[in-house]
Amino acid sequence: MLTVNGVTKKYKKFLANDNLSFTVNDSEIGILLGPNGAGKSTIIKSIVGLLKYDGTIEINGLDNRSLEAKRLIGYIPEIPALYDTLTVEEHLEFVRRAYRVTDENITEKLLERFELTDKRKKMGKELSKGMQQKVSICCALVHNPSVVIFDEPMLGLDPHAIKELKLLFKELKEQGKTVLISTHMIDTLEDYWDVVHIMMNGKIAATRHNVAGNHDEKSLEELFFQITEGAKS
C-alpha cells in the first residue's frame with residue numbers, strides 16, 4: 001500500500017508538487033496522468049526517496065525513507081540508468097545480491113520473460129533504448145517488491161514488450177502488489193487501472209475510480225482534455 005499525504009516539493013521558487021495526497025491500495029493499479037511538466041515525475045522521485053520534500057509518504061505503513069520501506073519498492077525510471085560496462089546478466093546479479101535474494105533462478109526467469117536471454121552478455125552501453133528499458137524493468141523486479149513504481153514505462157518499447165508489460169501489470173495486481181504508473185499516454189493504459197489521478201500544475205485536478213456502471217460519466221480521455229485544455233485557456 002502506498003500513502004501520499006500533503007506532499008509539497010519546491011525547486012527554489014518553483015512549486016512542483018502542491019500539497020499532494022492520494023492512496024493506492026494493495027491489488028490496485030494507480031495511474032498518475034498528466035501532460036509533461038504536471039509534476040508526475042517529481043512525486044514519483046519523492047516516493048522512491050530520490051528527493052527531499054515536505055509531507056509524509058508511507059510504504060505499507062513505513063516511512064518511505066526508511067531502509068525497510070526501500071526494500072519493498074521496485075522503481076523503473078523514465079530514463080534507464082545502466083552501468084556502461086556491466087552486462088545484462090551482471091546487472092540482474094548485482095541487484096539480486098544487493099537485496100540478498102537467494103533464488104538464483106530469478107535472473108533466468110526475467111531474462112526469458114523479457115526476451116533478453118540472447119543479450120545476456122551485452123554491456124549496458126551496447127543496448128538500444130528499448131533493451132535498456134527491459135533491463136531496468138527486470139532489475140526492479142528481482143527482489144519481488146510489494147510496491148512497484150513505473151515512470152513512463154512504455155517509452156522506447158517495441159509492441160511485443162508493451163504487450164508483455166501490460167500482462168505484467170495484471171500479474172502484479174493479481175499477486176496483491178501495489179502498482180503506480182506515471183504517464184501522459186491515455187490510450188495505452190485504458191483497460192489497466194483502478195484509480196486515476198489527473199495532475200495539472202503540481203496538483204491533482206481530478207480523481208477517477210474504475211467502478212462498473214459509471215457509464216454516464218465522461219470518458220477518461222474527455223475528462224483529461226477538459227482539464228488540461230481548460231487550464232490553457
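The model is a predicted one, in which local features need pLDDT of at least 70 and side-chain atom pairs count only at pLDDT 80 or more, whereas totals for chains, interfaces and linings use all residues. Residues are numbered from 1 along each chain as its sequence is written, and side-chain values use heavy atoms, with hydrogens and water left out.

The side chain of Lys 203 meets that of Asp 18 in a salt bridge with an N to O distance of 3.5 Å, the term standing for a side-chain nitrogen of Lys or Arg within 4 Å of a carboxyl oxygen of Asp or Glu. This pair links distant parts of the chain, since Asp 18 belongs to strand E2 (residues 14-24) and Lys 203 to strand E10 (residues 203-209), 185 residues apart. Helices (H or I, at least four residues) and strands (E, at least two) are DSSP runs, numbered from the N terminus. Asp 18, at 23% relative accessibility, is likewise partly exposed.

## Salt bridges around Glu 108 and Arg 120

Across the whole structure, a search finds 11 salt bridges. One of them joins Glu 108 and Arg 120, whose closest N and O atoms are 2.5 Å apart. Because Glu 108 lies in helix H4 (residues 105-113) and Arg 120 in the loop between H4 and helix H5 (129-141), the pair ties together parts that are 12 residues apart in sequence. Glu 108 is partly exposed, with a relative accessible area of 36%, whereas Arg 120, at 16% relative accessibility, counts as buried.

Both residues also belong to a network of salt bridges that links Glu 89, Glu 108, Arg 120 and Lys 121. A further salt bridge is formed by Asp 118 with Lys 119, their closest N and O atoms being 3.3 Å apart, and Asp 118 counts as exposed at 59% relative accessibility.

## The loop at Gly 176

Gly 176 is located in the loop between helix H6 (159-174) and strand E8 (178-183), and its relative accessibility of 24% makes this residue partly exposed. When residues up to four places away in sequence are not counted, Gly 176 touches Asp 26 and Ser 27, contact meaning heavy atoms within 4.5 Å. The C-alpha atoms of Gly 176 and Val 24 are separated by 12 Å, while the two residues are 152 residues apart along the chain.

Key
Buried < 20%, exposed > 50% of the residue type's maximum accessible area, 1.4 Å probe, protein only.
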